[in-house]
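Please read them with the model open.

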Amino acid sequence: MAAVDHTLAAPAPSIAAARDTVGRWLTAGAAANILMAGTYVAFSTVVMPLLGTKDDADFVHSMQQINTGIENPLFFTVFTAALAAPAIAARKLRKHANTATVMRWTLTALALYTTTVLTTSGINVPLNQALAHAGDIDPAKTRADFETTWNIWNGIRAALSTAAAVAMLKALRLHRRNRV
């Protein structure tokens, strides 16, 4: 019985290692986008409805505390990774053949999450800052200026982040399926 030469069936070690690196970045991007989507969805479905039952002063005070508490290294790491990991994966994908579909899904996720970041920095963060500086002089006005707009745009962030997570998962699945 003749021996089978498997050297042609397996990719060269450097190609396999590069594919594994891309896979790790796609996995990190999927995980980070899932976590961010979960954060925004949790705010839309649990946190804000519960705060909505509070009186104006309690609502303002609670939201001020939440905004202060969420600004922590773990949150910022995940928030940044959800943007950086797909960007790095896309850059690394440029060097591989037959990755156009994976690249499209990765870039779609990157565009969706970038829109989330722009929404966060352009709308939600300024609302949070205004709330932080409002003090407790007129909680009814402070709440009225904040709650509805913040909730609408957080819902948009939740939808965008969820779509970005789905796109990253699709890219990762295609990447794994296309292994040589």
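**Notes on the pocket and a helix pair**

1. Helix H4 is the main contributor to the lining of the largest pocket, giving six residues, the most of any element. The model is a predicted one.

2. The lining as a whole consists of 20 residues. At least two each come from H1 (13-51), H2, H3 (73-93), H4 and H5 (139-177). The space in this pocket is about 360 Å³.

3. Which residues lie nearest the centre of the largest pocket? They are Asn67, Ile70, Glu71, Val125 and Asn128. Sorted by class, the lining has ten nonpolar, eight polar and two charged residues.

4. Turning to the helix pair, H2 covers residues 56-70 and H4 covers residues 100-134. Their axes come within 10 Å and cross at roughly 120°. Angles of 65 to 115 degrees would count as roughly perpendicular and those over 145 as roughly antiparallel; H2 and H4 are therefore oblique to each other. The crossing of H2 past H4 is left-handed.

5. On the H2 side, the contact is made by Val60, Met63, Gln64 and Asn67. On the H4 side, Asn128, Leu131 and Ala132 take part. By class, this contact has four nonpolar and three polar residues, with no charged ones.

6. Two residues link the points above. Asn67 of H2 and Asn128 of H4 belong to the helix contact, and both are listed among the residues nearest the centre of the largest pocket.

Terms used
Residues are numbered from 1 along each chain as its sequence is written. This is a predicted model: local features need pLDDT of at least 70, side-chain atom pairs count only at pLDDT 80 or more; totals for chains, interfaces and linings use all residues. Side-chain values use heavy atoms; hydrogens and water are left out. Axes are lines fitted to C-alpha atoms, for helices over the stretch in contact, and angles run from 0 to 180 degrees between N-to-C directions. Helices (H or I, at least four residues) and strands (E, at least two) are DSSP runs, numbered from the N terminus. Angles under 35 degrees count as roughly parallel, over 145 as roughly antiparallel, 65 to 115 as roughly perpendicular and the rest as oblique. A crossing is left-handed if the near helix is turned anticlockwise from the far one by less than a right angle, and right-handed if clockwise. Contact means heavy atoms within 4.5 Å. Ala, Val, Leu, Ile, Met, Phe, Trp, Tyr, Cys and Pro count as nonpolar, Asp, Glu, Lys and Arg as charged, and the others, Gly among them, as polar. On a 1 Å grid over the protein atoms alone, a cavity is a set of points where a 1.4 Å probe fits but cannot get out, and a pocket is an open set with protein on both sides within 12 Å along at least five of seven lines; lining residues have an atom within 4 Å of a point. Grid points are joined across faces, edges and corners, and a volume is the space filled by probe spheres set on the points.
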